[in-house]
Amino acid sequence: MDDLQQLFPESLLRSGTIVMAGPCSAESKQQVLQAARALKDQGISIFRAGVWKPRTKPGGFEGIGTPALEWLAKVKKETGMLVATEVANERHARDAVESGVDIIWIGARTSANPFAVQDIADYLASLSQEQKERLVVLVKNPVNPDLELWIGALQRVYGSGVRRIGAIHRGFSSYGKHLYRNPPKWRIPIELKRRIPGLPIICDPSHIAGRRDLISSLSQQALDMNFDGLIIESHCNPDCALSDKEQQLEPEVLGYILQTLVRRSEKASTESLGLLRQQIDRLDDELLELLSKRMRVARDIGRYKKEHDMPVVQAGRYNDLMQRRVEAAERLDMSGEFMRNVLSAIHEESVRQQLEITTKQ
């Protein structure tokens, strides 16, 4: 898949970073043009706006629909900005492409549905070669933290013959109260980057945060993790927005945030870093040795349990161990959630190895 330079010309990047901005929803012609002009004044070259906005529950504002594409075309003509919008099905994609939209993205709810993604991909396959070379297609992560589903959606688009492809990380839905509307689970987009090294990944801090006061710090985190760009919701009067008003920034505020962000240099001297990485490598080797020893003990326990007809999983012991280890990790300045994930993975592998022993005839 294409790298950043092939996806967007250098002239559209801010210090090597893609920036797409605009209101969550295209609400009126006046609102769209006002936002586009204000964002253009802030140096933004790519204007985004939602045309189709199906909400979680019926009754809310669900977008203007196809007629709003004319407003995006006017933005493109008057400002010279590229325009982008979300598509959820084949008809949306067709209407957007035929109206001259430069960038379409497949939303999180749609990317979780292989049938819908394939319908869009089948339409993209029918485009002329010239259209395929002009169009940029981005794929948001599915609502659930399923990397294979995300990769599958990207592969379906790639199979259409479109080559200007990228991903958008917008976080993952989660039950209960959290700091973020959609917790980022950074390890998933990082693994996506490892699996598809040339794939540009754009962060959507607006949907991760759900609150405008968190967008600046999330944007810097994304750049620090070497994301290729940002897609941020911006409205000239956020408190009056018809959708997602809590997470939209005024154009001037967005401009200020973008000026404060730091893109770390990859060309800095790495001699000292190399020495530190050697330490990491040695410590990783030691961890592997310790884990191997732990699994040998786990297998011994499995043999003992088999001889004495004991169940493999003993929840009380596991819960007690988890609580004590998490508390110890936090005293050592490590995240409790991190230690829970580590212990859960170790326990799962221990159980697997013990089951192999206890079920063997």
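Among contacts between residues at least 6 apart in sequence, 71% join residues at least 24 apart. That is where I'd like to start today, and please keep in mind that this is a predicted model. The protein has 361 residues, and 45% of them count as buried. Along its principal axes, the C-alpha trace spans about 80 × 45 × 40 Å. As for secondary structure, there are 15 helices and eight strands.

So how are the strands arranged? Eight of them form a closed barrel, in the order β1-β2-β3-β4-β5-β6-β7-β8, and the pairing is parallel. On average, neighbouring strands in this sheet are turned by 30 degrees against each other, direction ignored.

Let's zoom in on one pair. Strand β4, residues 103-106, runs parallel to β5, and four bridges join the two. If you want a landmark on your screen, find tryptophan 105, whose bridge partner in β5 is leucine 138.

While we are in β5, have a look at valine 137. This residue sits in the strand, which covers residues 136-140. Is valine 137 buried or exposed? It is buried, because its relative accessible area is 0%. Which residues does valine 137 touch, if we skip those up to four places away in sequence? They are Ile104, Leu124, Val157, Val162, Arg164, Ile165 and Gly166. Glutamate 148, by contrast, is 11 residues from valine 137 in sequence, and the two C-alpha atoms are 19 Å apart in space.

Now for the nonpolar packing. The general expectation is that in soluble globular proteins, nonpolar side chains tend to be buried together. Here, the largest nonpolar core has 68 residues, and the members that touch the most others are Phe47, Leu72, Ile104, Leu124 and Leu192. The largest share of this core comes from α8, with six residues. There is also a second, separate core of 11 residues, and it includes Ile18, Ile46, Val136 and Ile231.

Leu192 came up in that list, and it leads us to helix α9, residues 187-195, where Ile188, Pro189 and Leu192 are buried. Why do these three belong to one side of α9? They cover an arc of only 95 degrees around the axis, so they end up on the same side. Turn to the other side of α9 and you find Arg187 and Arg194, which are exposed. The cover over the buried residues includes α8 (147-158), β6 (165-169) and β7 (201-203). For leucine 192 itself, leaving aside neighbours within four places in sequence, the contacts are Leu147, Trp150, Ile151, Leu154, Ala167, Leu199 and Ile201.

One more stop among the helices is threonine 110, found in α5, residues 108-111. With a relative accessibility of 8%, threonine 110 counts as buried, because the cut-off for that is under 20%. Beyond its neighbours within four places in sequence, threonine 110 is in contact with Val87, Ala88, Ala116, Val117 and Ile120.

As for accessibility, cysteine 236 is partly exposed, with a relative accessible area of 23%, while cysteine 240 is exposed, at 52%.

That's my tour, and I'm happy to go back to any part of it.

Definitions and conventions: Residues are numbered from 1 along each chain as its sequence is written. This is a predicted model: local features need pLDDT of at least 70, side-chain atom pairs count only at pLDDT 80 or more; totals for chains, interfaces and linings use all residues. Side-chain values use heavy atoms; hydrogens and water are left out. Buried means under 20% relative accessible area, exposed over 50%, partly exposed in between (1.4 Å probe, protein chains only). Contact means heavy atoms within 4.5 Å. The arc is that of the directions from the helix axis to the C-beta atoms. Two strands pair if DSSP finds at least two bridges between them. Axes are lines fitted to C-alpha atoms, for helices over the stretch in contact, and angles run from 0 to 180 degrees between N-to-C directions. A nonpolar core is a set of buried Ala, Val, Leu, Ile, Met, Phe, Trp, Tyr and Cys residues joined through side-chain atoms within 4.5 Å.
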